[in-house]
Structures are given as C-alpha cells and as structure tokens.
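Please look over the sequence and the model before reading on. The paragraphs below take up one topic at a time.

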Amino acid sequence: MTTVTAPAGPADAVEQHLGDPYDTANPHGFGAILAAREAGRPQDGDLLPDALTEGAHLTPEAWLHALRALYRRSPRLGRTVRADLPDNEPHATALAVGACVGALDSALRVTVRHLRGRRLYGAPAIDIPHLREVLAGVHADLLLCDVLTGLAVRGEDALPGREGAHEQAVLGLVPRVLQGALDRLSVLMGSRFYIREGETAIFQLLLNEAQRELFAPARGPRPAPGILPFTELVTAPPVAALLDPELSAAAPGRILTTPARRAPQPSGAVQQRLYADLVRRYDGARTFDLAERRLPDRP
C-alpha cells in the first residue's frame, strides 16, 4: 500500500480541536456524545475550529478528511456540518460515503482496544488467530473503501473505459462493504456491543449512525454491486498505485461482487501483513486509512 500525502491540515485541526475521544472530561469525547444522545440534546460547543467555519477554500479531498475526523466520533456530528456544504457539489454523495470510513476507523480501534483488554483462556483475546484474521479483513475493507471514495472525491475515474463502473462501486459496493465490516466487528465485541457504558459504549452508536448515513433515503437507492468487474477495478492503475491489488483481493467485501454468500478472511502472508500494519497504526495513534493521520487518542 502507499501512504497518501492528503491535505491533512484541516483534518489535523479538527482532531486537535475535538481532542482525545476517550477523555471522560472532554466535551467532545465519546462520553459526552453518548450523554447528549441519551438526553436528546445537541452536542455542546463548536464542532469545527474557527479556521474551518468558512470552508469554501477547502478542496473536496480536504473536506473528506476533515469530515472523517468528525465521523470518527459520530456520523451525526458530520451530518450537521456537511449540511452547510453546497448541495450541488458534484462529489457530494462520494464525500458522504467516504466520510463513513472515519466511523469504521473508530469502530475498529474500539474493537482492538477491547480485545487487548479482554482475556480468554488465560491470554488476551486478541491473540486468538481467528480474531486476528477478522481484524485484518476489516482493515483490508477499510483500505479498499478509502481508495475508491478518495479517487471519486478527487474526480478521478478508476475505469474510464467502463462508464459508470467506478461510480457504481462507490455508491453500491462501498456502503455495503463498510456495513459488513461493522457487522463483523460487532460479533467480535460480543456482549459489550449491547452494553451502553464504559469505553466500548460508543460502538453501537457508531454502527447505527453509520448505517443510517450510508443508506439514507435522501441519497436514493443503492445500485447492486454484483456486476462490478472487481478484479479489473482494483488492478486499474489509479487504484493499484494506491493499494496493492493483493490487499484489495484480500478484502472480504469483494464477495459482494460475486454470487457467493461468504468470503474467506485474509490468511497466510497477506493476513500477517495486514494485521502488522493495523497494529503499527494502532500503537502509533495513526488512522487506518492511507493518509495515516496522527490522532489525539490515547493508547
């Protein structure tokens, strides 16, 4: 994979403005967000730093990463800000779908945090090989969705010779891949998925709000991804330049473009590569997308 030099300045400004989401004293943290939801009141304080309150000067890609910083905490927060963007933005739908990568980023991070702290059979749960395979698969799905939406937001067509194929991937495939990845993480969370207290309580909110965002009726019906030329898409030069096709092929979400019902999780050297990359980013407080932005989250 290739680390992307994205316009991270605005996103970094948002991250620093919102602070560590695990900090219980943070008015923009997970605890405060959950308390506001349960009380039925809006989130307190300004969601964006002053430098971003007038965003006309930002490129669509810069907005994508800034929104991901918000979606990492709550997709509903991102919706509030995105409502101020021009409705006629040609890549507005890709922007909304791509921003949900931020919600998956946090859900994956919460799951890793939970599995490291949970002990099964006398060892951390995260040491169980199958759980590592699932985590690696979610990481691959996240990277795939990041590449496809990032190119679309920049106005690049990965398959110009196949009219509408890239758009279909963004609107039809990516939402379902993100949803599937969140669902698999919810299984790893076990009973903690249902408990609305402690550090893992935010997981259910992230999943529910991301689902509503990805399949919002206002964005119309999602095209079926089954006829997509997946191999052709992920080996196309614009995609392959950003993400090794071997990693794209390991994404469990690829199964949605085939008649099969269940995708195998990554295995062997590819799984080890994906899992090692995931651990490196988690321990280094970096996002799981190609931008690898630094985060204020405590380990």
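This is a predicted model: local features need pLDDT of at least 70, side-chain atom pairs count only at pLDDT 80 or more; totals for chains, interfaces and linings use all residues.

Helix α9 covers residues 202-214, which makes 13 residues. From its first C-alpha to its last, α9 reaches 18 Å, close to the 18 Å expected at 1.5 Å a residue. Of its 13 residues, 10 are buried, so α9 is largely enclosed by the rest of the structure. Among the buried residues are Ile202, Phe203, Leu205 and Ala210, and also Glu209 and Glu213.

The structure holds 24 of them. In one, glutamate 209 pairs with arginine 76, and their closest N and O atoms are 3.8 Å apart. This pair links distant parts of the chain, since glutamate 209 sits in α9 and arginine 76 in helix α4 (residues 75-82), 133 residues apart. Glutamate 209 counts as buried because its relative accessibility is 1%, under the 20% cut-off. Arginine 76, at 36%, is partly exposed.

Aspartate 277 is buried at 9% relative accessibility, and arginine 281 is buried at 0%.

Arginine 280 forms a salt bridge with glutamate 292, with 3.0 Å between the closest N and O atoms. Arginine 280 lies in α13 and glutamate 292 in the segment after α13, so the pair ties together parts 12 residues apart in sequence. Arginine 280 is partly exposed at 44%, whereas glutamate 292 is buried at 11%.

Key
Residues are numbered from 1 along each chain as its sequence is written. Side-chain values use heavy atoms; hydrogens and water are left out. Helices (H or I, at least four residues) and strands (E, at least two) are DSSP runs, numbered from the N terminus. The expected span of a helix is 1.5 Å times one less than its number of residues. Buried means under 20% relative accessible area, exposed over 50%, partly exposed in between (1.4 Å probe, protein chains only). A salt bridge is a side-chain nitrogen of Lys or Arg within 4 Å of a carboxyl oxygen of Asp or Glu.
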